[in-house]
Amino acid sequence: MRRREFLKCCAAGGLGMYPALSLAAAVNDGHPLAPERPHFSAKAKNLIVLFLTGGVSHVDTFDPKPRLQADHGKIAFGRDLRDTSDKPFYLIRSPFSFAPRGRCGLVISELFPHLGALADDLCVIRSLHTDILEHFQATLAMHTGSATVPMPSLGSWLSYGLSTRNQNLPPYVVLAEHMPYAGAQNWDSSFLPPQHQGVRVLPGKEPIADLRSPARSVTLQQLEQIMLHDVNELHARQRPHDFNLRARTDSFGTAVGMMREAPRVFDLGAESEATLQSYGMKRGDDKSFAWQCLIARRLVERGVRVVEVIESGSNGNWDAHGDMQDHRGKALRVDQALAGLIKDLKQSGLLNETLLAICTEFGRTPWGSTPNDKGRNHHARAFTCMLAGAGVKGGTAYGKTDDYGIDIVAERCHVHDYHATILYLMGLDHKRLTYRYAGRDFRLTDVHGNVLERILA
């Protein structure tokens, strides 16, 4: 017999306890965002996703190809953008130098000197592949597992599976200065209960609008909240199947908590100069990628389950069709901040329970239409993403591409496998994390996905 059924029986027997006990249960542990138990014990309690929009070139960053350098200008066969069959292209060398970094000797491009210094903390996955070459669909797939039909995002699934550790803050926060490809679909909860939708934060002077209460006094504010809560509860009880109504009501409570907590999160006054310098930022900065990375750390240390930082939007990103030298400026914007975040998490001890996913939507072609091409086009057959932190074996390279970085030759990793591994590191079995909707059970990885067991610490 379920608890509520038992209580109803007590009420029917003349005890008259059901209404009071039901209310008590709802107040104490009935909140839809109360912490859930994972499927199994896991080191990672929080996830920080750092998404580099536009398609970072694997052969210019974390997947070195000496043979590509040597065979510059030679003919190779491949498919470019919307080609349906292979045709000849000219191999294009990388304009950047590579060197072994850390005790592990991971070979990393000169574009990432600060991140390279932390090579022993990185798990570089060189065998990612996805299904579609277009930014919109590939970005959507990296966030939701689906390149076609919008589905619940990774952060929403984790919120649904694990919930939040601080009910005064959302379980899933997205820092996005600019709207990315596929827009808000990237952090949407879709058919999952709407409480699990990501909350977008806009870097700037007022990251979350309307945090300051217009109430004239605390007493008046509390009275307004009590009266509003009572009216909403009565309204919701009369409409028990309206999940959106319940989500809106719950969001009011979260909003009140955010009015207390969020201003402290975004106030960097107590952060030391050494910390700011580690991220590569100056005091007073409230918008840079470095500021967003520091805020990500402050959010997870206050109990936010999932934080994503979307580095740039659908314009001015890593989409280097014209000149690979554009990667220099992009790397300069993120390199020290990424390294600063990892070092900061290590120093505070948070890296022992925080997983970092540094990713992009696809790679770039190792060839061009002429031997003199300076840019690269989209490449979905092979690209590189990374994991670091709790539960991950650092100083590791997983997967292998061929001599030119065109195709994967060992340890393939589809986006579904990447997601399955993230869920596993967070204590969730991707096959068991399901939600029944429209007559079938859905999951983040659909009917696919394998955990990358070799990278597990």
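Modeller: Of the 457 residues of the protein, 53% count as buried. This is a predicted model: local features need pLDDT of at least 70, side-chain atom pairs count only at pLDDT 80 or more, and totals for chains, interfaces and linings use all residues. Residues are numbered from 1 along each chain as its sequence is written, and side-chain values use heavy atoms, with hydrogens and water left out.

Biologist: Why is His129 called buried?

Modeller: Buried means under 20% relative accessible area, exposed over 50%, partly exposed in between (1.4 Å probe, protein chains only). His129 has a relative accessible area of 13%, so His129 is buried.

Biologist: Where is His129, and which residues is His129 in contact with?

Modeller: His129 is found in strand S6. Strands (E, at least two residues) and helices (H or I, at least four) are DSSP runs, numbered from the N terminus. Contact means heavy atoms within 4.5 Å. Leaving aside neighbours within four places in sequence, the contacts of His129 include Ala380, Phe383, Ile408 and Arg412. His129 and Ala382 are 253 residues apart in sequence, yet 4.9 Å apart in space, C-alpha to C-alpha.

Biologist: What makes the pair of His129 and Arg412 a polar contact?

Modeller: A polar contact is a pair of N or O atoms within 3.5 Å; within protein, one must be able to donate a hydrogen and the other to accept it, and residues adjacent in sequence count only if both atoms are side-chain atoms. The side chains of His129 and Arg412 make such a contact at 3.4 Å. The side chain of Asp121 makes one with the side chain of Lys346, at 3.2 Å. Asp121 is found in the loop between helix H4 (113-116) and strand S6 (122-129).

Biologist: Why is H10 called roughly parallel to H11?

Modeller: The axes of H10 (residues 289-300) and H11 (residues 326-348) come within 8 Å and cross at roughly 20°. Axes are lines fitted to C-alpha atoms, for helices over the stretch in contact, and angles run from 0 to 180 degrees between N-to-C directions. Angles under 35 degrees count as roughly parallel, over 145 as roughly antiparallel, 65 to 115 as roughly perpendicular and the rest as oblique. So H10 is roughly parallel to H11.

Biologist: Which residues meet there?

Modeller: Among them, Phe289, Leu294 and Arg297 in H10, and Val334, Leu341 and Asp344 in H11. The residues of the contact of H10 with H11 divide into 9 nonpolar, 1 polar and 3 charged. Ala, Val, Leu, Ile, Met, Phe, Trp, Tyr, Cys and Pro count as nonpolar, Asp, Glu, Lys and Arg as charged, and the others, Gly among them, as polar.
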